[in-house]
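The stops below go from selection to selection.

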Amino acid sequence: MMALCLVNTLAAVTLAAGDFTLAWMHSIERVRWEEVWRVDGGELVLDTVRVRGHAAGMEPAATAVLRDGVWEWHPHTRHTLLRLTRSPYTADYEWCEGEAPCVPMSALIASDGGVTELRVCPAADPR
């Protein structure tokens, strides 16, 4: 398990996580979007995307498969930083780990109404 850093202008939080899911409701279409991430060394790997429907700006990838009304695909893209825009006008992201119930990201770190950065913490990070 690796340490993940969540940082915005209000706070910095360190979490121990290996695999996690970020989920949110599309602000216009009201369709749930889920991304399953894993930590691999110093990077975040987007393993699976699930979208419960599709609409403008939410088109499934060409490799997506539709199962029980959910489009799913596996990008396997690697990222060093995720920039999560958190608006006071939309529902917050949900953070899910394992079989535990999902929690709003605000339960982990308060929103500053802007961007929260998510990355693997450097080994020497004092936070």
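How many aromatic pairs does the structure hold? There are 4 aromatic pairs, where rings of Phe, Tyr and Trp (its six-membered ring) pair if their centres lie within 6.5 Å, and planes under 30 degrees apart count as stacked, over 60 as edge-to-face and the rest as tilted.

Before selecting them, note that this is a predicted model, in which local features need pLDDT of at least 70, side-chain atom pairs count only at pLDDT 80 or more, and totals for chains, interfaces and linings use all residues. Residues are numbered from 1 along each chain as its sequence is written, and side-chain values use heavy atoms, with hydrogens and water left out.

**Stop 1: the aromatic pairs**

Select phenylalanine 20 and tryptophan 95. Their ring centres are 4.5 Å apart and their planes are at 10 degrees, so the pair is stacked. Phenylalanine 20 belongs to strand E3 (residues 19–25) and tryptophan 95 to strand E10 (residues 94–96), so the pair ties together parts 75 residues apart in sequence. Helices (H or I, at least four residues) and strands (E, at least two) are DSSP runs, numbered from the N terminus. Phenylalanine 20 counts as buried because its relative accessibility is 2%; buried means under 20% relative accessible area, exposed over 50%, and partly exposed in between (1.4 Å probe, protein chains only). Tryptophan 95, at 3%, counts as buried.

Next, select tryptophan 24 and tryptophan 33. Here the ring centres are 6.0 Å apart and the planes are at 20 degrees, so this pair is stacked. Tryptophan 24 is partly exposed at 23% relative accessibility, while tryptophan 33 is buried at 13%.

**Stop 2: glutamate 35**

Select glutamate 35 in strand E4 (residues 32–40). Which side chain of opposite charge is nearest to glutamate 35? The answer is arginine 50, 11 Å away. Glutamate 35 is buried yet has no salt bridge. In this count, Lys and Arg are positive and Asp and Glu negative, with His and the chain ends not counted. A salt bridge is a side-chain nitrogen of Lys or Arg within 4 Å of a carboxyl oxygen of Asp or Glu.

Show the polar contacts of the glutamate 35 side chain. One reaches the side chain of tryptophan 33 at 3.2 Å, and another joins glutamate 35 to the side chain of tryptophan 37 at 3.2 Å. A polar contact is a pair of N or O atoms within 3.5 Å; within protein, one must be able to donate a hydrogen and the other to accept it, and residues adjacent in sequence count only if both atoms are side-chain atoms.

Then display the surroundings. Apart from neighbours within four places in sequence, glutamate 35 is in contact (heavy atoms within 4.5 Å) with Phe20, Thr21, Leu22, Trp24, Leu46, Thr48 and Val49. Phe20 and Trp24 in that list were selected at the previous stop.

**Stop 3: the salt bridges**

A search of the whole structure finds 11 salt bridges. Start with glutamate 94 and arginine 32, whose closest N and O atoms are 3.4 Å apart. This pair links distant parts of the chain, with glutamate 94 in strand E10 and arginine 32 in strand E4, 62 residues apart. Glutamate 94 is partly exposed at 27%, whereas arginine 32 is buried at 19%.

Move to arginine 38 and aspartate 47, which meet in a salt bridge of 2.8 Å, N to O. Arginine 38 is partly exposed at 26%; aspartate 47 is buried at 15%.

Select glutamate 117 and arginine 83 next. Their side chains form a salt bridge of 2.8 Å, N to O. Glutamate 117 sits in strand E12 (residues 115–120) and arginine 83 in strand E9 (residues 82–85), 34 residues apart. Glutamate 117 is partly exposed at 24%, and arginine 83 is exposed at 53%.

**Stop 4: the whole chain**

Zoom out and switch to a cartoon. The chain has 12 strands and 0 helices. Buried residues make up 38% of its 127 residues. Of the contacts in the chain with a separation of 6 or more, 53% are between residues 24 or more positions apart.
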